[in-house]
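Q: Could you walk me through how to read a structure like this one, feature by feature?

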Amino acid sequence: MSVLTLSKAINEGLRKAMEDDPKVLIMGEDVGKLGGVFRVTDGLQKDFGEDRVIDTPLAESGIVGTAIGLALRGYRPICEIQFDGFVFPAADQIITQLAKMPLRSLGAIKLPVVVRIPCGGGIGAVEHHSESPEAYFTHTGGLRVVACSNPADAYSMIQQAVRCDDPVIFFEPKRRYWEKADVDTSSTDWWTPFDEATVVRQGTDVTLLAYGPMVKTCLEAATAAQEEGRSLEVIDLRSLNPLDFPKVMESARKTGRVVVVHEAPVYNGFGAELAARITESCFYHLESPVLRVGGFSTPYPPSKLEEHYLPDLDRVLEAVDRTFTF
Amino acid sequence: MTVDASRGADAPPELVQLLTPEGERVEHPDYDIDLTPEEVRSLYRDLVLVRRVDLEAVALQRQGELGIWASLLGQEAAQIGSGRALTDADMAFPTYREHGVAWCRDVDPVKLLGLFRGVNHGGWDPAEHNFHLYTIVIGSQTLHAVGYAMGIQRDGANAATIAYFGDGATSQGDVNESFIWASVFNAPIVFFCQNNQWAISEPLEKQSRIPLYRRASGFGFPGIRVDGNDVFACLAVTRQALKNAREGQGPTLIEAFTYRMGAHTTTDDPTRYRVASELEAWKLKDPIERVKAFLVRNELADQAFLDSVEAEAEDLGADLRRRCLEMPDPEPLEIFDHVYTGPHALVAEERAQYAAYLEGFER
C-alpha cells in the first residue's frame with residue numbers, strides 16, 4: 001500500500017502497463033524528458049527509452065493518427081493530449097478513424113489506443129485549458145469513454161484502459177492531480193471493472209450522480225447535507241460509455257430524487273442523457289424531476305470567473321433543496 | 001515574395017519518363033528499368049484488367065447497383081506501376097480510388113464494391129493482403145501510414161509503407177503533419193500523390209502555387225515528379241523510393257503527374273468545370289495505349305496475346321457483375337456488430353430493443 005497523488009497513481013499505472021507489455025507505447029507533446037506538463041509520465045522515458053516514450057511534434061491530429069497506424073502494426077499506444085481544449089485538432093482522427101475503423105474492417109482490426117485527456121477547470125488556467133469535452137466523445141459509437149476521480153481508480157483504470165482492445169478516451173481530472181490516497185499497487189484483487197459505476201457513499205434521500213472532478217465535490221456536499229439531516233447517495237459513474245445504468249437506476253428507485261453534477265455545460269451535456277434515461281426507466285419512482293448542475297452554455301470563462309461557472313458544494317446543495325420543492 | 005510563374009503548380013514536365021506516349025522507350029540516368037518481355041506483357045494485362053473492373057463498376061452504378069463509384073480511369077499506370085513495386089511485406093494505405101493498387105495486392109475486386117453498394121464500410125482484412133481499408137476522409141490515412149511505418153521501424157522489419165492520396169489532399173493538415181512525422185522520425189514510407197489535376201471541380205491551382213513534389217523539400221526529404229501515365233516510370237521510381245525507405249533513408253514524396261479522365265465520382269459532371277480539349281489532350285497520353293504501342297512496335301506481343309487479354313477482361317467484367325448482384329444485403333442487426341471488440345452494455349441494450357421491435361412485425 002502506498003500513498004499516491006492521482007498523477008503519481010497514473011504514472012505508476014502507466015509504468016506497470018509498460019512493464020507488462022513491450023508493445024505499450026506512450027506518445028505526446030513533452031511526455032519524455034519533461035515528464036508531461038503535469039509530470040504524469042515522469043521518469044518513463046528514462047526507463048523505457050525514446051522508442052517507447054515518444055516526444056512528438058506539436059500536432060494533435062498527428063499524435064492520434066500515427067497512434068492508429070502503430071496500433072495497426074500491433075502496438076498499444078497511449079496518447080497524451082496536453083489539455084482538454086487541444087483535443088479538437090485531433091477530433092477528426094478520433095471520431096472519423098479511431099472510433100470507426102474496427103467496424104469498417106468487420107472486426108478484423110482492433111485499435112487498442114488510449115487517449116488520455118487532462119480535463120476540467122479549477123486551476124486558474126488560460127483559455128482552452130479547462131474544458132470538459134466528454135459529450136463529444138460519448139456521442140460517438142466505437143469509443144469507450146471513462147473518467148477517473150481518485151488515485152486508486154486512476155491506477156487501476158489506466159491499466160484496464162491499456163489492456164482494452166477498444167479505443168478508450170481517458171479523462172483525468174486535472175484539479176485532482178494532487179489529491180492523495182492509499183493505493184494498493186501489489187494486487188489486482190480490489191480492481192473494479194472500469195466500465196462499472198461505484199456507489200462511493202450510501203444514502204437514502206437523494207442520489208448525486210457525478211464523475212471525474214465532481215465526485216469529490218459531491219462527497220463534500222453529502223457530508224454537509226448530513227449535518228442538516230439529509231442522507232445523500234453519491235455514485236461515481238467512472239464509465240460514461242458504456243454507462244452502468246443498472247446501478248444508477250437502482251439508486252434512483254431507492255431515493256426517488258436525482259441530481260446530476262458535471263462541469264460541462266448542462267445544455268446537451270452528459271447529464272441530459274442521464275435525466276432522460278432515468279425518466280424513462282424510473283418515472284413512477286421519482287418524487288421530483290431529475291435536476292442538473294453544471295457549466296453554462298458559454299465558453300469556459302476567464303479564471304477569475306471560474307468559481308461561478310464550476311459547480312461547487314453550495315450549488316449542489318441548492319439543487320438538492322430544489323428536489324424537495326416539487 | 002515572388003513566385004516563378006513558369007514553375008507554377010501545373011508547370012510542364014520535369015518528370016521522369018521511360019516510355020513516351022507514342023510507345024518509345026527512353027532512357028533516364030537515375031531511374032532506368034530492365035523489364036523482360038513477359039514482365040511488360042504482365043503490366044499490360046494488369047492495366048487492361050483494372051480498367052475493365054473500373055468500367056464494369058461505372059456501368060453497375062449507372063444501372064443502380066452501386067450507390068456511387070470513384071473511377072480510376074486514366075490513373076491505371078500510376079496505380080499498377082506503384083502497386084507492382086511493392087513487396088509482400090510492404091503495407092499500402094489507399095484513399096478510395098486505388099482499385100489498381102488493390103488489384104496488385106490480390107484483393108478480390110468484388111470486395112471493393114461492398115463499400116460503394118452500401119453493404120459495408122470496407123469489409124476486407126487489411127492484414128491479409130497488406131492493403132489497408134479505403135479511407136474516405138481526405139488525407140487521414142497518411143498519418144496511419146506513418147504510424148505503421150514507425151511500427152516497422154520498431155520491429156526492425158525489412159518493409160516500408162506507401163500512402164496514396166490525391167492533389168487535393170495535399171492541402172489537408174493531416175498530410176502536412178504526416179510529412180513532418182515521417183521526416184523527423186525518418187520513417188520508412190513513400191508518399192504517393194496521384195496528381196490527377198482535379199479535386200472534384202477544383203483545379204490544381206486551388207491547392208498549390210508550386211509543383212507538388214517540391215513541397216517535400218520544405219519538410220526535408222526528397223520529392224520527385226514522375227509521368228503518372230507511364231507504368232515503367234512509376235514502377236521504377238516507386239521501387240527505388242521503397243528501397244530507400246527500407247534501407248533507412250526515410251521518406252520520399254512521389255508526385256505521379258496524371259489525369260482523371262472521368263468524373264471525380266459518378267455523382268459529378270466534369271463538363272461543368274473543365275473543357276473538352278483538356279480531356280482530348282490527355283487521351284493522347286493514355287497509359288494503356290502507350291504500352292500496347294511499345295509491345296507492338298517491338299514485336300513483344302502478337303494479336304493473339306492482345307485478344308486473349310481482351311477476352312480475359314470481358315470474363316472478369318462479367319464475373320464481377322454477377323458477383324456484385326449476388327452480394328447479399330446485410331441483416332438489420334448487423335448494425336450492432338463489430339462496434340466494440342467485446343461486450344458493451346449500450347450496444348447490447350439497443351440491439352435487444354431493436355430485435356424485439358422487429359419481431360413485433362414478424363408475428
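Q: Is B:Phe179 buried or exposed?

A: This is a predicted model, so everything here is a computed value. Burial is judged by relative accessible area, and buried means under 20%. B:Phe179 has 2% relative accessibility, so B:Phe179 counts as buried.

Q: Which kind of aromatic pair do B:Phe179 and B:Phe221 form?

A: For ring pairs, look at the distance between centres and then at the angle between planes, where over 60 degrees counts as edge-to-face. B:Phe179 and B:Phe221 lie 5.7 Å apart, centre to centre, with 85° between the planes, and the pair is edge-to-face. The pair links distant parts of the chain: B:Phe179 belongs to helix α7 (residues 173–184) of chain B, while B:Phe221 is in the loop between α8 (215–219) and β6 (223–227), 42 residues apart. B:Phe221 has a relative accessible area of 6%, so B:Phe221 is buried as well.

Q: How many aromatic pairs are there over all chains?

A: The count comes to 34 aromatic pairs over all chains. One of them is B:Trp124 with B:Tyr134, edge-to-face at 5.3 Å centre to centre and 90° between the planes. B:Trp124 sits in the loop between α4 (109–117) and α5 (126–129) of chain B, and B:Tyr134 in the loop between α5 and α6 (140–155), so to read this pair is to link parts of the chain 10 residues apart. Both B:Trp124 and B:Tyr134 are buried.

Q: Which residues do ring pairs link into a cluster in chain A?

A: Follow the pairs from ring to ring. In chain A, ring pairs join A:Phe38, A:Phe83, A:Phe86, A:Tyr177 and A:Trp178 into a cluster.

Q: Where does the charged end of A:Arg277 sit?

A: A charge can also be placed relative to a ring. The charged end of A:Arg277 sits over the ring of A:Phe245, 5.6 Å from the ring centre. In another case, A:Lys23 lies over the face of A:Tyr75, at 4.4 Å from the ring centre.

Q: What does A:Thr5 touch, not counting residues up to four places away in sequence?

A: Begin with the element, then burial, then neighbours. A:Thr5 lies in strand β1 (residues 2–5) of chain A. With a relative accessible area of 17%, A:Thr5 is under the 20% cut-off and therefore buried. Leaving out residues up to four places away in sequence, A:Thr5 touches A:Pro151, A:Tyr177, A:Trp178, A:Glu179 and A:Lys180. Among these, A:Tyr177 and A:Trp178 are also in the ring cluster. The side chain of A:Thr5 makes a polar contact of 3.3 Å with the side chain of A:Ser7.

Q: How many salt bridges does the rule find across the interface of chain A and chain B?

A: The rule finds four salt bridges across the interface. The side chains of A:Arg73 and B:Asp155 meet in a salt bridge at 2.7 Å, N to O. Polar contacts are counted too, and between chain A and chain B there are 20 residue pairs in polar contact, with both residues at pLDDT 80 or more.

Q: Which side chain does B:His144 join in a polar contact?

A: B:His144 is found in helix α6 of chain B. At 0% relative accessibility, B:His144 counts as buried. A polar contact of 2.8 Å joins its side chain to that of A:Gln93. The residues that B:His144 touches include A:Gly65, A:Ile68, A:Gly69 and A:Leu72, along with B:Phe93.

Q: Where is B:His132 found?

A: B:His132 is in the loop between α5 and α6 of chain B, and its 2% relative accessibility makes B:His132 buried. B:His132 touches residues of both chains, including A:Leu72, A:Met101, B:Phe93 and B:Trp124.

Conventions. Residues are numbered from 1 along each chain as its sequence is written. Chains are lettered from A and ligands numbered from 1 in the order in which they are written. This is a predicted model: local features need pLDDT of at least 70, side-chain atom pairs count only at pLDDT 80 or more; totals for chains, interfaces and linings use all residues. Side-chain values use heavy atoms; hydrogens and water are left out. Rings of Phe, Tyr and Trp (its six-membered ring) pair if their centres lie within 6.5 Å; planes under 30 degrees apart count as stacked, over 60 as edge-to-face and the rest as tilted. Helices (H or I, at least four residues) and strands (E, at least two) are DSSP runs, numbered from the N terminus. Buried means under 20% relative accessible area, exposed over 50%, partly exposed in between (1.4 Å probe, protein chains only). A charge sits over a ring if NZ of Lys or CZ of Arg is within 6 Å of the ring centre and within 35 degrees of the ring normal. A polar contact is a pair of N or O atoms within 3.5 Å; within protein, one must be able to donate a hydrogen and the other to accept it, and residues adjacent in sequence count only if both atoms are side-chain atoms. Contact means heavy atoms within 4.5 Å.
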